[in-house]
Amino acid sequence: MPPGSPEEGTPPQPQGARAPDSPGEGPAGPPRDQGARAPDSPGEGPAGPPRDQGAGGPAPAERKNPLTRKASVLVQFLLEKYAAGEPVAHAALLKLVSRKYREHFPEILRLTSERMELVFGLELREADARSQTYVLVSKLALPSDGSLGGGGKGPPKTGLLMALLGVIFMKGNRATEEEVWEFLTVLGVQAGRRHPIFGEPRKLITEDLVRQGYLQYRPVPASDPPRYEFLWGPRAHEQTSKMQVLQVLAKINDTVPRCFPQLYEEALLEEGERAVARGPRRNGRALIFIAV
């Protein structure tokens with residue numbers, strides 16, 4: 001949590017399952033109807049009939065949290081400053097927030113800081129109290145940086161991966177390429193634009209994470225012209241769970257997992273199935289979780 005932020009922010013209002021709001025423009029639209037859970041692994045085989053979102057479904061666009069939208073704007077700005085190696089002035093952040101939301105700035109800064117740390121592995125710290133400037137510090141050197149690929153070197157991709165797995169889960173255990181890029185754009189990761197943390201994002205998600213077994217990237221059956229979709233890869237099934245991914249997704253949206261009722265129910269079901277599967281085993285290999 002950056003200096004100047006309250007220890008406890010404004011309590012989040014319960015919200016339906018939703019993607020983060022888009023920076024600078026209107027809030028992102030609600031996710032498409034989710035398919036029913038496949039009997040074996042999520043995303044394997046055709047999606048089932050749409051689930052009824054009910055009262056806990058996506059909130060209408062006009063009811064999306066404007067503080068989350070402002071946090072997305074600050075995330076984009078901070079990433080640009082990080083890429084340029086420049087400090088961040090408190091006054092510049094206030095200007096982006098605008099006078100209308102000035103009184104909510106501590107809460108917006110808290111949301112921004114959490115997203116920067118969760119997805120990008122960057123901590124926002126106060127550099128100079130007199131000049132009121134901040135710097136972004138990479139957490140790569142810490143033992144819990146959660147980098148993928150072994151050795152603890154390279155960008156902290158785990159937060160981004162967990163966010164990707166979250167949007168796939170939210171979209172019914174499969175997400176089209178268009179939906180994934182819409183989601184990533186909200187987080188400040190854009191196709192065709194080199195990212196200061198992750199490098200070339202298209203190569204990362206369509207090649208590197210696929211080769212490592214965390215994602216599947218395949219043509220949508222019977223699509224004309226051809227379209228592509230993302231599913232969880234076998235390594236993601238092995239090393240994490242729907243509940244862990246839902247916790248990350250909820251934190252990005254500044255809410256709690258129970259505010260995604262269908263997803264929460266599905267994640268609980270998976271937890272129970274895994275507990276039953278592990279129960280009879282002795283001296284078996286423990287599940288390996290990705291550290292976020």
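Which residue forms a salt bridge with K203? Select D208: the closest N and O atoms of the pair are 2.9 Å apart. A salt bridge here is a side-chain nitrogen of Lys or Arg within 4 Å of a carboxyl oxygen of Asp or Glu. K203 is partly exposed at 40% relative accessible area, while D208 is buried at 13%. (Buried means under 20%, exposed over 50%, partly exposed in between, with a 1.4 Å probe and protein chains only.)

This is a predicted model: local features need pLDDT of at least 70, side-chain atom pairs count only at pLDDT 80 or more, and totals for chains, interfaces and linings use all residues. Residues are numbered from 1 along each chain as its sequence is written, and side-chain values use heavy atoms, without hydrogens and water.

Select 88-89 for β1, 122-128 for β2 and 133-138 for β3. Helices (H or I, at least four residues) and strands (E, at least two) are DSSP runs, numbered from the N terminus. The open sheet runs β1-β3-β2, with antiparallel pairing; strands pair if DSSP finds at least two bridges between them. β1 and β2 are the edge strands. Six bridges join β2 to β3. Pick D128: its bridge partner in β3 is T133.

E123 is partly exposed at 22%, and so is R125 at 39%.

Now select 105-120, helix α3. There R110 forms a salt bridge with E114, at 2.9 Å between the closest N and O atoms. The two are four residues apart, about one helical turn. R110 is buried at 8%; E114 is partly exposed at 24%.

Key: Contact = heavy atoms within 4.5 Å. Axes fitted to C-alpha atoms, helices over the stretch in contact; angles between N-to-C directions.
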